[in-house]
Amino acid sequence: MAEDRYQKGIDKIQELTNADDANPTGFMDIGEAFADIAPDLSKYVVEFAFGDIYSRPGISNKQKVMTTITALVAQGKPQIGMHVKTGLSVGLTPEEIVGCIVHLIPYVGFPSVLNALNVAKEIFKEQGVSVKTSE
């Protein structure tokens with residue numbers, strides 16, 4: 001059963017990041033940098049976050065990633081960049097990502113939104129995408 005959860009998690013990561021078998025986690029940071037002090041961390045991330053939670057039915061991958069981006073902006077977490085990349089990978093437009101982040105101003109405040117927009121801007125630049133504005 002545990003192997004099934006792990007494989008299910010890897011499959012979901014590949015679906016979200018367009019990764020392949022040569023690099024099964026793509027750009028997704030699953031905690032491998034901590035293998036020397038927490039060797040089981042990656043297994044937990046893959047099995048729980050992706051094998052259990054991200055693999056649940058009910059909402060689309062786009063909705064899951066948008067929800068994740070929202071939570072990370074609200075918490076001011078640095079993983080926002082990885083999930084902005086994931087958003088682009090699952091088909092969110094840059095305008096949808098920016099719209100989501102800006103929509104959070106009354107709920108999380110300007111500093112959190114400004115920080116998230118800076119991260120998103122860097123990811124967009126890195127990915128070679130632009131945001132269409134109404135101006």
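This is a predicted model: local features need pLDDT of at least 70, side-chain atom pairs count only at pLDDT 80 or more; totals for chains, interfaces and linings use all residues.
Residues are numbered from 1 along each chain as its sequence is written, and side-chain values use heavy atoms, with hydrogens and water left out. Local features need pLDDT of at least 70 and side-chain atom pairs count only at pLDDT 80 or more, while totals for chains, interfaces and linings use all residues.

Start with the helices. Helices are DSSP runs of H or I with at least four residues, numbered from the N terminus. Two packed helices are described by the angle between their axes and the distance between the axes. An axis is a line fitted to C-alpha atoms, for helices over the stretch in contact, and angles run from 0 to 180 degrees between N-to-C directions.

Look at helix α5 (residues 94-103) and helix α7 (residues 110-127). Their axes come within 9 Å and cross at roughly 170°. The two helices are therefore roughly antiparallel to each other. That word applies to angles over 145 degrees; under 35 counts as roughly parallel, 65 to 115 as roughly perpendicular, and the rest as oblique. The crossing of α5 and α7 is right-handed. Right-handed means the near helix is turned clockwise from the far one by less than a right angle; left-handed means anticlockwise. On the α5 side, the contact (heavy atoms within 4.5 Å) is made by Pro 94, Ile 97, Val 98, Ile 101 and Val 102. On the α7 side are Val 113, Ala 116, Leu 117, Ala 120 and Phe 124. By class, that gives 10 nonpolar, no polar and no charged residues. Here Ala, Val, Leu, Ile, Met, Phe, Trp, Tyr, Cys and Pro count as nonpolar, Asp, Glu, Lys and Arg as charged, and the others, Gly among them, as polar.

Now turn to α3 and α4. Their axes come within 9 Å and cross at roughly 160°. α3 and α4 are therefore roughly antiparallel to each other. This crossing is left-handed. Val 65, Thr 68, Ile 69, Leu 72 and Val 73 of α3 meet Ile 80, His 83, Val 84, Thr 86 and Gly 87 of α4. The contact has 6 nonpolar, 4 polar and no charged residues.

α3 also meets α5. Here the axes come within 10 Å and cross at roughly 40°. That makes α3 oblique to α5. The crossing is right-handed. From α3 come Met 66, Ile 69, Thr 70 and Val 73; from α5 come Glu 96, Ile 97, Cys 100 and Ile 101. They divide into 6 nonpolar, 1 polar and 1 charged.

Next comes the largest pocket. It is lined by 15 residues, and Asp 29, Val 45, Gln 79, Met 82 and His 83 lie nearest its centre. α2 (41-53), α3 (61-75) and α4 (80-89) each give two or more residues to the lining. The largest share, 4 residues, comes from α2. The lining has 10 nonpolar, 4 polar and 1 charged residues. A pocket is an open set of points on a 1 Å grid over the protein atoms alone, where a 1.4 Å probe fits, with protein on both sides within 12 Å along at least five of seven lines; lining residues have an atom within 4 Å of a point.

Finally, find Glu 32 in the loop between α1 (2-17) and α2. Leaving aside neighbours within four places in sequence, Glu 32 is in contact with Thr 25 and Ser 42.
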